[in-house]
Amino acid sequence: MIIIGEKINGSIPSMGKAIAEKNEEYIKDIARKQADAGATYIDVCASVAEDVEVETMKWLIDLVQSVTDLPIAVDSPSAEVIAEAYKFCNKPGILNSVSGEGNKMDVLFPIMKENPEWECVALLSDDTGIPQSAEDRLRVFDKIMAKAKEYDIAPSRLHIDPLIEMLCTSEDGISMVVEVMETIKKQYPDIHITGAVSNISFNLPVRKILNQAFTVLAMNAGLDSAIFDPLNRDLMGMIYATEAMLGLDDYCMEYIGAYREGLIGPVK
C-alpha cells in the first residue's frame, strides 16, 4: 500500500493552529512521526489564503524536508500553486491533484511530461461537480486518460481518486465506488487507485471501525494507495493483514516485518 500521510494539512484544526502560529517544532514532530509510522509520502497542504499559499507551502515543505527524506505530496486546490510549490521539493513526489475541472490538467500534465519521475493524484470530478453515477465518473476518467496520453504520461504514474463520499448519505453503500475502482483496474492494471479513507465515516459514530471496514473492501476492489493518518495503528495493521490475505505479501514477510518494527500491534 502506498501511504500518503495526511496530517500536515491546515484544514485539520490543530495543524491549522500550528501553521497560523508558525509552530515549527509541532509541524516537524508530526512529519517525523508519520515517517516513522511507515508513510510512503508526506502530504503537505497549507489551506491558507491563495495570496500567501505558495510562500506557506515553501515553509512547510522545508520543515518536512528538514526531518525526513520521504517524498512530498504537494497538495492544493490550485493547480497554479502546485506548479510553483513542487519546485521546493528535494526529490520527485506527487502532485495532488488534477481533475477534469478547468485547466488543471493543462497546467500540471506538462510538468509531469518534463519531470518523468513525478506522479499525480487525479480526481474524477469535472466542471459539473462530483458525478453521481459510476458511468459519469468513468466518463471523467476517460477524459483524464486521453489527456494523459497526449502528454505521454504512463498510467502507472497516476493515482486515480474515485471520490470517496460519506456513507451516511449513500443509498447503496460503497457499491458505486467499488464499481468504478474495479472497472479502472481492469482497463489499466498498472494504475493506482487512491482516496481519502476517512471521508467514508463523516457524521457517523466510531469512525475508526468504518474506516477499517471500508479500507479492506476497497483494497479488494483495487485500492493500493490511500490518504490517511499513518499514526492510526489499527488501520495500519488492517492494511498489512489485508495485503497478506490478498496474496500481495509473500509468506507474510511485510506483515511480520511491520510487527517486528513496532508499526502494528500493541504499543511496545
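## Helix 2: the buried side

In helix 2, the buried residues are I27, K28, I30, A31 and Q34. The model is predicted. These residues span an arc of only 160° around the axis, so they sit on the same side of helix 2. An α-helix has 3.6 residues a turn, so residues three or four places apart point the same way.

What do the buried residues of helix 2 pack against? Their partners are strand 1 (2–9), helix 1 (13–20), strand 2 (41–45) and helix 3 (53–65).

## Helix 2: the other face and the ends

E25 and D36 are exposed. They lie on the face of helix 2 turned away from its buried side.

Helix 2 covers residues 24–36, 13 residues in total. From first C-alpha to last it reaches 18 Å, close to the 18 Å expected at 1.5 Å a residue. G38 follows helix 2, and its phi is positive, near 110°.

## The nonpolar cores

The largest nonpolar core holds 77 residues. Within it, F109 and L158 have the most contacts. Helix 6 (residues 134–150) supplies the largest share of this core, seven residues. A second core is separate and has nine residues, including I4, Y41, I94 and I227. In soluble globular proteins, nonpolar side chains tend to be buried together.

## Around L158

Which residues does L158 touch, leaving aside those up to four places away in sequence? The set is F109, M112, C120, M145, A148, I153, I191 and H192.

Note on methods:
Residues are numbered from 1 along each chain as its sequence is written. This is a predicted model: local features need pLDDT of at least 70, side-chain atom pairs count only at pLDDT 80 or more; totals for chains, interfaces and linings use all residues. Side-chain values use heavy atoms; hydrogens and water are left out. A nonpolar core is a set of buried Ala, Val, Leu, Ile, Met, Phe, Trp, Tyr and Cys residues joined through side-chain atoms within 4.5 Å. Buried means under 20% relative accessible area, exposed over 50%, partly exposed in between (1.4 Å probe, protein chains only). Helices (H or I, at least four residues) and strands (E, at least two) are DSSP runs, numbered from the N terminus. Contact means heavy atoms within 4.5 Å. The expected span of a helix is 1.5 Å times one less than its number of residues. The arc is that of the directions from the helix axis to the C-beta atoms.
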